[in-house]
Amino acid sequence: MSNYIVGDIQGCFDELQLLLETVKFDKKKDTLWVAGDLVARGPKSLETLRFIRSLGESAKIVLGNHDLHLLAVSLGLFPAKKKDQTQPILDADDKDELLEWLREQPLMQEHDQFVMTHAGISPQWTIKRARKENRKITGLLRSKKWKWLIENMYSNSPDLWSKELSDIERYRYAINSFTRMRFCFPDGRLDMGCKLPPKEVADHEYIPWFDLPQRVQLDKTVLFGHWAALEGYNGKDVIGLDTGCVWGGELTALRWEDKQFFTQAAL
């Protein structure tokens, strides 16, 4: 019985199947944890959604920014971009079932020894705060207010957490922290613009959220995806698993029990 955590799939369904064959994944015994962005730039987002959904309790998923954007597109807030390759989902006979399943997924999943989100956990948050904000957003996505949340989530502000934030400001900050952040400014404010690898950023201009000196230390390892430019990251208490399969890199999975990494090159 093993736990496999995989980085951004982004519709790279064939690579996922090969990777699961490599690790001899058995849905009767093993659990597949998916760190968000199931869909988007790869060629088989529809097949990916159908497969992950078919795993039932053997899969643990968190939503990524591309997954949330698909929900926004389904509401007509944005047109489906050709480069996102998600139109087949919107044209599918089982579209409603797939999208309903998708919006029922949380922004954070938790194991006894680790937590998994798409982009990370706010450096200002304790694990207790992260759990609370995840429950709130997940509850809204599963409620009749989900359309309102999707319609109002797009903003880069606020960029700093405060208990004094209004409800919608709190939701925006939580969604951005869980699904979009990479760098912070030295004072802890989130930056939503820079996507470069840390080595290409001037000293002290931006700091990776996990390297911020004042980051609250959690008692669990944080597993995340989202940041392909990192090309994977294995730190003391954070592990990045997005190795850019959709950009010609690799799809990476971590077997938690022995901390072994497995990769499948982009086809």
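These legends describe close-up views of a predicted model. Local features need pLDDT of at least 70 and side-chain atom pairs count only at pLDDT 80 or more, while totals for chains, interfaces and linings use all residues. Residues are numbered from 1 along each chain as its sequence is written, and side-chain values use heavy atoms, with hydrogens and water left out.

**View A. Helix 3 (residues 65-74) and its cover.** Helices are DSSP runs of H or I with at least four residues, numbered from the N terminus. Eight of the 10 residues of helix 3 are buried, so this helix is largely enclosed by the rest of the structure; buried means under 20% relative accessible area (1.4 Å probe, protein chains only). Among them are His-66, Asp-67 and His-69. The cover over the buried residues includes helix 2 (45-54), helix 6 (127-141) and helix 8. Gly-76, which follows helix 3, has a positive phi near 85°.

**View B. Ser-177 in helix 8 (residues 167-179).** Ser-177 counts as buried because its relative accessibility is 0%. Not counting residues up to four places away in sequence, Ser-177 touches Ala-119, Gly-120, Ser-122 and Leu-190; contact means heavy atoms within 4.5 Å.

**View C. The largest nonpolar core.** A nonpolar core is a set of buried Ala, Val, Leu, Ile, Met, Phe, Trp, Tyr and Cys residues joined through side-chain atoms within 4.5 Å. Of the 78 residues in this core, Leu-32, Leu-49, Ile-52 and Ile-121 touch the most other members. Helix 8 supplies the largest share, six residues. A second, separate core of 11 residues includes Ala-35, Val-62, Leu-223 and Ile-239.

Conventions:
Helix = DSSP H or I, 4+ residues; strand = E, 2+ residues; numbered from the N terminus. Buried < 20%, exposed > 50% of the residue type's maximum accessible area, 1.4 Å probe, protein only.
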